[in-house]
There are 2 protein chains.
Amino acid sequence: MKTVNSDVAYDYIRKRILNGEYPPGHPLMTYELSRAIGVSRTPVRDALRQLESDGLVSIRARLGASVKKMSLKEFREMCGLRFALESYAAYLAAQERTGEDLREMALTLETMRRLSERLIAAKKEDKPTLDQLRVEDVRFHIAIITSAKSELLKQEVLRLHIVNRVVSGPTPGQHNSPEGKAARDARRREVIRSHEKIHEAIARGNPVAAKDAMERHIQDIIDTAIRDMSLAEHQASARPLTEEELSYAT
Amino acid sequence: MKTVNSDVAYDYIRKRILNGEYPPGHPLMTYELSRAIGVSRTPVRDALRQLESDGLVSIRARLGASVKKMSLKEFREMCGLRFALESYAAYLAAQERTGEDLREMALTLETMRRLSERLIAAKKEDKPTLDQLRVEDVRFHIAIITSAKSELLKQEVLRLHIVNRVVSGPTPGQHNSPEGKAARDARRREVIRSHEKIHEAIARGNPVAAKDAMERHIQDIIDTAIRDMSLAEHQASARPLTEEELSYAT
DNA sequence: TGCGGAGAAATTGTATACCTGATGGGGCAT
DNA sequence: ATGCCCCATCAGGTATACAATTTCTCCGCA
């Protein structure tokens, strides 16, 4: 199957959004993008429609497209969906997991333990290790939704993860919660413990326990994320002037 | 906001799919549709992309679009999603419901009781009453997801309901389960009882009870639907010749 | 008679020109 | 000076022409 220009445009724009190169609210104009990508406006429009249904872009008729900006309310709702779907995935995973699935989980768990200990031991948190830790965390969650053996569920949860990453991701200082390193270290140990409990319940083949453990884990993640986000929103309202607004103040 | 042609095309095609006028597997060719709707191919293509992301249409590059045909496996997975999301909705509803929400639920419940009794009393099931009952059933479920006060959740569940309706809906004799009227009457009473339990738990403001009741209800629905569908699939494989195939046999 | 390939037909994907609606700025009236 | 209205500009929506690809068909050949 020959690749088609719509897909090229889709990948191009999606990548920039995930990079943070196009931040939330950034306008996406078809002509400009078509020039940048080297195709015509038609496949760009197709790509934007696709991205809209992924939840990464919002399009208003005749007013153009822009990178999706999420309100705190919408963010909460999205977290709720993750809560419902991922705990269900854990339930299924406890029934459907294969030996291969369990090995993958154990592997990411071990890697996370190692990285976490390294971070806790170090005085300063180096970004590469943090990023690696984040990757392994995602890998663990993916291992679980894969174990659930439901393509639809997997697709849906992955979509939510992606959107989550965009709206809360590119914020500078995302993980610099104000409590200081000790609190973050404690949180890291807690995450590991949660993952261990989930893994153990799935390995035992106990769906209810797996679900409960996942529910607690996600709830914990959500609480932190929402706290961070409402904090960021508060900071934003403390200095509500954007670069553009400032230029009017001269 | 002025309506745009893409939306016209979207509504046109969507309606036909939901009607059953375009059954699963029916090819959707852009030129033909554009002529029928009275617009050009461009907005038709837009509409098809949109419908694809709704899960009603499947598009393969260069091979065209067709009404989504679901395998039994996919159908099971979709039911799983409904299970996870609707029981979560019931949980939220027990926390967030207003007096208005409760009234709406009670209303549909009462109407369903009345319609159900009428059907059970009658010797023959008349289609209009059956349809009304179906509508009220959907209305009850919508009342619950509305009570949950999460737009995203509502949107997602409605989408699943729609897709569900298309893949299992237009089958003629959808509700003519082979057990005869007595069994169907029993099932109807059971559905009412389930709804009553859910409504009561939500009215009491007991999230866990509401969720449990909804889980049982959905599981019941799913079991019946999957039984019916695998039966239909079996029948289909028993006489695999479509009208078109038959025309070759002359 | 069955199979394979070349070419024709059909259909999708892409580019582009044109149309329509939205936005902002300048001029006019108060 | 201020406020309003009109029009110029711009960007998105639509139609259509064209290119690319798949499929169908028909013919020749084994």
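Reader: What is the order of the strands in the open sheet of chain B, and in which sense do they pair?

Author: In this predicted model, the open sheet of chain B has three strands in the order β1-β3-β2, and their pairing is antiparallel. Strands β1 (27-28) and β2 (57-60) of chain B stand at the edges, because each has a single partner strand, so that one side of each is left without a neighbour in the sheet.

Reader: How do you know that β2(B) and β3(B) count as paired?

Author: Two strands pair if at least two bridges are found between them, and four bridges join β2(B) to strand β3 (residues 64-67) of chain B, the two running antiparallel. As one example from this pairing, Ile59(B) stands opposite Ala65(B) in β3(B).

Reader: Which helix lies across the strands β1, β2 and β3 of chain B?

Author: Helix α3 (residues 41-54) of chain B lies across them, and the helix runs at about 115 degrees to β2(B).

Reader: What makes β1 and β3 of chain A a pair?

Author: The cut-off is at least two bridges, and two bridges join strand β1 (residues 27-28) of chain A to β3(A), with the strands running antiparallel. Within this pairing, Pro27(A) stands opposite Ser66(A) in β3(A).

Reader: What do β2(A) and β3(A) form, and how many residues lie between them?

Author: Strand β2 (residues 57-60) of chain A and strand β3 (residues 64-67) of chain A pair in the antiparallel sense over four bridges, and they form a hairpin with three residues between them. Val57(A) stands opposite Val67(A) in β3(A), while Arg60(A) has Gly64(A) as its bridge partner. In the turn, Arg62(A) has a positive phi of about 70 degrees.

Reader: Which residues of α4(A) and α4(B) meet?

Author: Gly80(A), Leu81(A), Phe83(A), Ala84(A), Leu85(A) and Tyr88(A) meet Gly80(B), Leu81(B), Phe83(B), Ala84(B), Leu85(B) and Tyr88(B).

Reader: Why are α5(A) and α8(A) called roughly antiparallel?

Author: The axes of helix α5 (residues 99-121) of chain A and helix α8 (residues 181-204) of chain A come within 10 Å and cross at roughly 165 degrees. Since the term applies to angles over 145 degrees, α5(A) and α8(A) are therefore roughly antiparallel to each other. Their crossing is left-handed. Residues that make the contact include Leu102(A), Met105(A) and Arg113(A) of α5(A) and Asp185(A), Ile192(A) and His195(A) of α8(A). The residues of the contact divide into 11 nonpolar, three polar and seven charged.

Reader: Where in chain A is the pLDDT below 50, and what is the mean pLDDT of chain A?

Author: The mean pLDDT of chain A is 88, and 87% of its residues reach 70 or more. Over residues 169-175 of chain A, however, the pLDDT is below 50, and this stretch has nine contacts in the model beyond near neighbours in sequence. The pLDDT also stays under 50 over residues 238-250 of chain A, for which the model has two contacts beyond four places in sequence.

Definitions and conventions
Residues are numbered from 1 along each chain as its sequence is written. Chains are lettered from A and ligands numbered from 1 in the order in which they are written. This is a predicted model: local features need pLDDT of at least 70, side-chain atom pairs count only at pLDDT 80 or more; totals for chains, interfaces and linings use all residues. Side-chain values use heavy atoms; hydrogens and water are left out. pLDDT is the predictor's confidence in each residue, from 0 to 100. Contact means heavy atoms within 4.5 Å. Axes are lines fitted to C-alpha atoms, for helices over the stretch in contact, and angles run from 0 to 180 degrees between N-to-C directions. Angles under 35 degrees count as roughly parallel, over 145 as roughly antiparallel, 65 to 115 as roughly perpendicular and the rest as oblique. A crossing is left-handed if the near helix is turned anticlockwise from the far one by less than a right angle, and right-handed if clockwise. Ala, Val, Leu, Ile, Met, Phe, Trp, Tyr, Cys and Pro count as nonpolar, Asp, Glu, Lys and Arg as charged, and the others, Gly among them, as polar.
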